[in-house]
Amino acid sequence: MNPASAVHAGLLAFLAALLLATGQAAASSEAAWQALKAGGHVVLMRHAHLKSGPGQGDSLTRDPSCAKERKLSRLGKQVATRTGEAFKSRGIAVGEVLASPYCRTTDTARMAFGSSAPAGFLSLAEVLPPAEAASQAAEAIQHIGSHQGPANLVMVTHEPNIAAITFELAELGAFFVLKPRGGSDFDIVGKIKPDTDSLPGD
């Protein structure tokens, strides 16, 4: 095979893989929405986008304070609002909404779902000693696995916490849909990422 043909074949293989991945992501997303429609699942959500640049606050403070933290950007507020609108338009029942006590998580929860209750076990794991962070993750996992009832439980937290629970990464404003299995067991149904292409930047 000559070099030009090899490049062409490589490009086709890359495009095929990209299309496959896109199709799989869409299927995962739709399966997640359908699971939420059925009820009884857990939404594990990362807070939405933050303001950037100097003077915008500290994202790694251990003591949550709206005066000191980084806050949601205009894009973040739009993403949170659109998430709530998507739940309403699909007729998805939301029961209890829990959030890390940080402003960026409580604001995301409020703009998406109306209100939330603070949950210390969802607080930012990145600023905690390893043993405390592990204990938090175990409590969150127990909460997920033991969820019961027809409504969906929502938990809004931070990327390090989500990674410790699911062993996967969550983009800003994205959420996993989890199926409780009892105790500390659950399945990952899928992940839903926000579509930011049509939203205004900051």
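Visitor: When does a residue count as buried, and are Phe87 and Phe175 buried or exposed?
Guide: Buried means under 20% relative accessible area. This is a predicted model. At 2% relative accessibility, Phe175 falls under that cut-off. Phe87 and Phe175 are both buried.

Visitor: In what order do the six strands of the sheet stand?
Guide: The sheet is open and its pairing is mixed. Its edges are strand 3 (117-118) and strand 6 (185-192), each pairing on one side only. The order is 3-2-4-1-5-6.

Visitor: Which residue of strand 4 is the bridge partner of Met45?
Guide: Strand 1 and strand 4 run parallel, joined by five bridges. Strand 2 also pairs with strand 4 in the parallel sense, over four bridges. There, Ala99 stands opposite Val156. The partner of Met45 in strand 4 is Val156.

Visitor: Which residue in strand 5 does Leu44 stand opposite?
Guide: Strand 1 covers residues 42-46 and strand 5 covers residues 175-182. These two strands run antiparallel, with four bridges between them. Opposite Leu44 stands Phe176.

Visitor: At about what angle does helix 3 run to strand 2?
Guide: Helix 3 (residues 103-113) lies across strand 1, strand 2 and strand 4. Its buried residues include Thr105, Ala109 and Phe113. Among the elements covering the buried residues is helix 2 (74-89). The angle between helix 3 and strand 2 is about 160 degrees.

Visitor: How many residues apart in sequence are the parts tied together by Trp33 and Phe175?
Guide: Trp33 and Phe175 form an edge-to-face aromatic pair, 5.9 Å centre to centre. Trp33 lies in helix 1 (residues 3-38) and Phe175 in strand 5, so the pair ties together parts whose separation is 142 residues.

Visitor: Which residues form the one aromatic cluster?
Guide: Trp33 is buried, with a relative accessible area of 9%. Phe87 and Phe175 form a tilted pair, with 50 degrees between the planes. That pair links helix 2 to strand 5. The cluster is made of Trp33, Phe87, Phe113 and Phe175.

Key: Residues are numbered from 1 along each chain as its sequence is written. This is a predicted model: local features need pLDDT of at least 70, side-chain atom pairs count only at pLDDT 80 or more; totals for chains, interfaces and linings use all residues. Side-chain values use heavy atoms; hydrogens and water are left out. Two strands pair if DSSP finds at least two bridges between them. Contact means heavy atoms within 4.5 Å. Axes are lines fitted to C-alpha atoms, for helices over the stretch in contact, and angles run from 0 to 180 degrees between N-to-C directions. Buried means under 20% relative accessible area, exposed over 50%, partly exposed in between (1.4 Å probe, protein chains only). Rings of Phe, Tyr and Trp (its six-membered ring) pair if their centres lie within 6.5 Å; planes under 30 degrees apart count as stacked, over 60 as edge-to-face and the rest as tilted.
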